[in-house]
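Here is a short note on the model below, in numbered points.

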Amino acid sequence: MSYRLLWIDDEIDLLKAHVLFLQHKGYEVETVTNGYDAIERCGETDYDLILLDENMPGLSGLETLARIKEVNATVPVVMVTKSEEEHIMDQAIGSQIADYLIKPVNPTQILLSLKKNIHQREIVTEVTQSAYQQDFGKIGMQINDSLTIEEWIEVYKRLTYWELQLAETDSGIKEMLAMQRDEADKEFGKFIRRHYMRWMDHPEERPIMSPDIFKRRIFPHLDKGEKVFLLVIDNLRYDQWRIISNEISSLFNIEEELYCSILPTATQYARNAIFSGLMPQIISKMFPDLWVDEDSEEGKNLNEAPLIKTQFERYRKRYTFTYHKINDSQAAEKLLQQFPSFSKYDLNVVVLNFIDMLSHARTESRMVRELAPGEAAYRSITLSWFRHSAIADLFRSLSASDYRVVLTTDHGSIATINPIRVIGDRNTNTNLRYKVGKSLSYNPKEVFEIKNPSQAGLPSPNLSSTYIFATGKDFFAYPNNYNHYVQYYKDTFQHGGISMEEMLIPLITMQGKKR
């Protein structure tokens, strides 16, 4: 592909060697000696990049730059000038130039600027693709050899790293990564089948899980006299956290880890376990008024503040706390207005529901599904929400405070692709990634089944209740109206089952750099 350049300089004859060098490299280079001719050329021709001198008779470089931007706002402009005056640099940068080179320049400097501003995406694509290909075999070995949850966390982090890197390229190798990720989730599902029930029998051997968050990551800070701000972003995946972390890394010193959600990876179970510090079965027995059964139409997370209180009482903690649930922008604005008053409390807990609402809206709304057709677009909407909501202002306020900030979630989500047939009675729950019922019919080879819920810390709605969990990208579908059901829910983001995306989730501790 040939790229077309325009070089604007009143002393262009002195730059013939540079022009010949660029032409030898395959660029088409047109030259003019003044701003007026440059503006006329820009109105007639689309250029891939413009090289512009500042000190010219008639229109100055900065004046020419402004007029060029009126004609073509997107063309990259590189200022090539003798001027080292700071105010000239500031004006040029303020006008969004692509680069600023000070004469005398050598041909290699020019070539480097062209590569950075014209060829960057294709170079990044080539280098990133090559690096992933070299890492592919190593990751494959890690997938096959991972025996501990810590090793699986490293696999998941590595795959997410490459997903984010390749998302910024035009590489066709993304399908190769998607296949490796699917293989990893398949093997991770086998790992959970082998170890989950043992973790329930031997809590001392398990990784940090939902009921452990307060005991191991909140109380230690409170016990040291620190004030803690706990942010629980419902349904936040690790890849979504990574893009948010880029936005706030200049504000906070960040300690990142992943922990393991309990099963089911659903808000009713996992978030209640976080706030109570207990497995769901124990919540239902000790605090029946605070637990809502699957078949109840009552909201499943209306008792989170009382559950926090029970955990404080059980551990004999006398700390004061507030609890807030944010479902829309008005509630977020109100929370921000109240921020100064939070300093009176030892712990402030805020639950943010936007990402979970987005996940459900993508399933139910064709328009939202068009806006977020895939993983990259889903992350993009998450980032846009964060940048333009009051939550970004909340983070800025937190960075200037003395709070120890703990950010986490109750579970993640996964894009479901493969339907699995299941039959249940009318009392069976509606979740697509897990089912609980007394008369379920399914292929046991396709699911992770728990026939004795109490051993997994789960309540039994009936004496013969069984829980089954989908793994990988599977989702449950009923035989009745099967094709319509599959078409409606295929490629939607769901949670409740077993995958790295749902179970291995962020647990972040931060403190502001500006405090």
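1. Gln268, Tyr269, Trp291, Asp293, Glu294, Pro459, Ser460, Pro461 and Tyr467 line the largest cavity (grid points at 1 Å over the protein atoms alone where a 1.4 Å probe fits but cannot get out; lining residues have an atom within 4 Å of a point). By class, this lining has five nonpolar, two polar and two charged residues (Ala, Val, Leu, Ile, Met, Phe, Trp, Tyr, Cys and Pro count as nonpolar, Asp, Glu, Lys and Arg as charged, the others, Gly among them, as polar).

2. This is a predicted model, in which local features need pLDDT of at least 70 and side-chain atom pairs pLDDT 80 or more, while totals for chains, interfaces and linings use all residues. Residues are numbered from 1 along each chain as its sequence is written, and side-chain values use heavy atoms, without hydrogens and water.

3. The structure has one cavity of 30 Å³ or more; the largest holds about 40 Å³ (the space filled by probe spheres set on the points, which are joined across faces, edges and corners).

4. An open sheet of mixed pairing contains six strands in the order β7-β18-β10-β6-β9-β8 (DSSP runs of E, at least two residues, numbered from the N terminus; strands pair with at least two DSSP bridges). At its edges, β7 (252-260) and β8 (321-326) each pair on one side only. From one strand to the next the twist averages 15° (axes fitted to C-alpha atoms, for helices over the stretch in contact; angles from 0 to 180 degrees between N-to-C directions).

5. Five bridges join β10 (residues 404-408) to β18 (residues 504-512) in the antiparallel sense. Val405 stands opposite Met510 in β18. Helix α10 (residues 238-248) packs on the sheet, touching β7, β10 and β18, at about 175° to β7 (helices are H or I runs of at least four residues; contact means heavy atoms within 4.5 Å).

Note on methods. 1 Å grid on protein atoms, 1.4 Å probe; cavity = no way out; pocket = protein on both sides within 12 Å on 5 of 7 lines; lining within 4 Å.
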